[in-house]
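The coordinates and sequence are shown first.

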Amino acid sequence: MQNNPNTTLITAKAPVNVSTHGGRAKCLQRLIRLELPVPTTVALSFDAVRQIAEGYLPDVSAIVEQFSKDTLLCVRPSSEDPDWGGPGAVLNIGMNEIRYAQLSNTLGHDAAAAIYSRFVQSYAINVARLDPDVFDEIPNDGSDSLLAMLQAYEEETDERFPQDPREQLAAVLGSMARAWDGTSARLLRQAKGAPADAGLGLVVQEMIPGFGKGECGSGVFQLVNTVTGLPQITGRYLSQSQGREALGAGSAALYLEKDERGPSLEELAPRAFEELKEDAALMRVKLREEMQIEFVIGNGKVHILDGVRVPRSSRATVRIAVRLAQDGIITPQEALMRVEPNNLTELLHRQVNPESKRDVLGSGIAASPGAATGRIVFNSADAQASASRREPCVLVRRETSPEDVRGMHAAAAVLTEKGGITSHAAVIGRGLGLPCIVGASAMRFDTKNQTITASDGRVLKAGDVITIDGSSGEVLAGAPEMLEAALDDAFQSLMAWADAERDIGIRANADTPEDAQTARNFDAQGIGLCRTEHMFFDPARLIVMREMIFAETSEGRAAVLARLLPMQRDDFTQLFRIMEGKPVCIRLFDPPLHEFLPTSRAGQRELAEALDIPVSDVTRRVDEMGEYNPMLGLRGVRLGVTVPEIYDMQARAIFEATLEASDKGDPVVPEIMIPLVSARREVELVKARLDAVASAVRSERGRDFDYRLGVMVETPRAALRANEIAPHSAFLSFGTNDLTQMTYGLSRDDAGRFMSAYIQKGVFPEDPFHVLDQDGVGELLKLGAERGRIGNPGITLSICGEHGGNPESIAFCREAGFDYVSCSPFRVPVARLAAAQLAINHKMGDQKSSLAQMLWKWRARNRK
């Protein structure tokens, strides 16, 4: 058989490779090379399994002859990547009436019958494809149940249960090969990142009797905790000789501790326990990974059946990778490559404990990661009142607007009926690090009566406790157990290694001093987008803003805005001081003014009273400012051109804050960004006003300062005419949220209603608001970058939309020569790690294949 490359007895020198026989087969060979006690094993290659699926069996007799007579066998899958899975293992192949009689003499009838029964049931379901219900009514009571199972098998198949071990093995191999080739299995592994033509190997292994006169049993053993990643011996051991299970959770002292079910493995088999510790430690060093050992103890002797990578949570993944690097087992670069960037979000936020019971009320789009529990409130005022009582709450809205920002700041989480991945609630939630679910349209929201009807009909009202899992998109009843954020030394070490490798800048989108401090804590290299409009929704400022809207003349507007000036100046001064000399890019006022006006009759009456004008004047003004499509109307630079007093006030606030913040440190050089530009002339007009304000401030203060003026490229025309705009700009920052919206002609707030159907039908490969459309929107980015550099070779290029924290988008920007990306503060670590991985791939000289594989996995995980 050694001459047959498709059916190979695994030895230290056998021709076994991951690419031909799978990961399990190769791992077993490595264990044999380490001289660990691995039972006899035969590996079937990918080609052999493909032939089996087509009806061409290998020499089954030759396989069986590799094992001792009367040995029971098991067959396990061996895919190229363990994460791709495979058909379930089939154990105790070779069990028949002769073997049953032999085991009855040594173990007793009941034990032998249990082994035989388990094999009959497994064979019937997995090989003969019988309905599991056939065996539901058969009691598990020894010999009688075995006879009943054999009879049920015969009645369902019209044939006697096979007795020849060769026939059994051939049937098992055929069944597993066909299962891998099935449509469902293929779709499932593709969702896990496997290529469509991924191969499957199989390993046929001797089963070691876990019974006898000495200590006997089976279990799994590992050196780290699966959830925390901390050093801790843990595992599971079923002692056959004792007839009870010893299950230990472990402790800092590294023992499988005794519990109420019986003694620990260390007490039952101390020599075996020490041997397993040594074997696991050896595997950790030689296989360069934390491994879980599957073992059997027969008459006190340890046999290792398999070694698999320890299953682990995201926080355990980081700790394990860092500890391996710190111990010199792997390099820091390899540690970086072992952590999936998007999984870092679980470390930055509280999460529902994966072992907690989940009572799901409904689901929506997972818009902002993390989990939080609180009582339901239906408006911002109630959220603020709840926060004042220090009672966590969940803000529930049909969809949020800028008026809800105060309530979002006060809430522990947000749930909306409408919206998509770049809707207002999603963007603000990610910026605040607030767990958020949007587009939960399967749940019925009745904001008038303040109730939510869950998917199963349960009715929730204000004050009921729910949990928002923004990582999974599930709304849960009650308060499940949580895991706290884990920004420990391991996380900090990983981030330091990432910064040493990456070659593209990472900034944060931050609108408030609190956001800026979060960005600073995550070591962002500056603020790439500060949306100043969010500063105006504070109650004290909102009334002034509304008064400005009702002013009839330019002088009147300027007079009112002068009252906002010191507030804006204080905001910017705080931002500059928090960032300690790092660049801060401030976007000038962007939204349409109608967003600052009340829409309800009660709100309009309150405004009329505050301004001391008739309600009819308020109603008329609200109607006058209404627009059919406000996102494409009077907003952004168009306001700056037609209502220049707003930009004048903001510019003065920025320049005065620059001088104040420079008093106690290095000179601050603010970056001012003009939003929604479409034409060069818009930039020229705004720049002239800003330069005039800057000159006035210099003259008044008797001090000089510099500033950089840039353009937010979020209209297709700005990208196409970048060569005309760039000479008047120090930087171009591409706002991919609006640019995607305008390129597609999609409303980012409404697209969630049909986006899933579009993706399922293959219209779009991904949600373009979630994953950057590199073909369409990406083409505009490339054109804008190329033409911008023609007009201004030294211009700085970046993106500041929500795509900025997406690993695929970072790969695109890096390849296109962008200088930095900017993302939500809580996405900064994700972006730093993704950028480092891309740089490492480039240095390895395998950029194309490695990047393609990484992007494939990211797309697969996003689809999940």
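## Conventions

Buried denotes a relative accessible area under 20%, exposed denotes over 50%, and partly exposed lies in between, with a 1.4 Å probe and protein chains only. The model is predicted: local features need pLDDT of at least 70, side-chain atom pairs count only at pLDDT 80 or more, and totals for chains, interfaces and linings use all residues. Residues are numbered from 1 along each chain as its sequence is written, and side-chain values use heavy atoms, with hydrogens and water left out.

Helices (H or I, at least four residues) and strands (E, at least two) are DSSP runs numbered from the N terminus.

## Salt bridges

Side chains of opposite charge can pair when their charged atoms come close. A salt bridge requires a side-chain nitrogen of Lys or Arg within 4 Å of a carboxyl oxygen of Asp or Glu; by this rule the model contains 55 salt bridges. One of them joins Arg319 to Asp488, with the closest N and O atoms 2.6 Å apart. This pair links distant parts of the chain, 169 residues apart: Arg319 lies in helix H12 (residues 314–326), and Asp488 in the loop between strand S23 (482–483) and helix H18 (489–501). Arg319 is buried, at a relative accessible area of 16%, whereas Asp488 is partly exposed at 21%.

Arg458 and Asp359 form another salt bridge, their closest N and O atoms being 2.8 Å apart. Both residues sit in loops, Arg458 between strands S19 (451–453) and S20 (459–461) and Asp359 between strands S11 (351–352) and S12 (360–363), and they are 99 residues apart. Arg458 is partly exposed at 32% relative accessibility, and Asp359 is partly exposed at 32%. A further bridge pairs Arg703 with Asp663 at 2.9 Å, N to O. Here the loop between helix H26 (680–701) and strand S28 (708–713) supplies Arg703, and the loop between helix H25 (645–661) and strand S27 (671–674) supplies Asp663, 40 residues apart. Arg703 is partly exposed, with a relative accessible area of 34%. Salt bridges with shared partners also connect Arg288, Glu289, Arg309, Arg312, Glu334 and Arg338 in one network.

A cavity is a set of points on a 1 Å grid over the protein atoms alone where a 1.4 Å probe fits but cannot get out, and its lining residues have an atom within 4 Å of a point.

Residues lining the largest cavity include Val405, His409, Asn509, Asp511, Arg531 and His534. Helices H16 (405–410) and H17 (424–432) are the elements that give two or more residues to this lining, and H17 gives the most, with 3 residues. The lining divides into 4 nonpolar, 5 polar and 3 charged residues, where Ala, Val, Leu, Ile, Met, Phe, Trp, Tyr, Cys and Pro count as nonpolar, Asp, Glu, Lys and Arg as charged, and the others, Gly among them, as polar.

## Backbone geometry

Most residues other than glycine have a negative phi. Asn299 has a positive phi of about 55 degrees and is found in the loop between strands S9 (291–298) and S10 (301–309). Asp612, with a positive phi near 60 degrees, occupies the loop between helices H22 (601–611) and H23 (615–625). Asp612 is exposed, at a relative accessible area of 69%.

Definitions and conventions
On a 1 Å grid over the protein atoms alone, a cavity is a set of points where a 1.4 Å probe fits but cannot get out, and a pocket is an open set with protein on both sides within 12 Å along at least five of seven lines; lining residues have an atom within 4 Å of a point.
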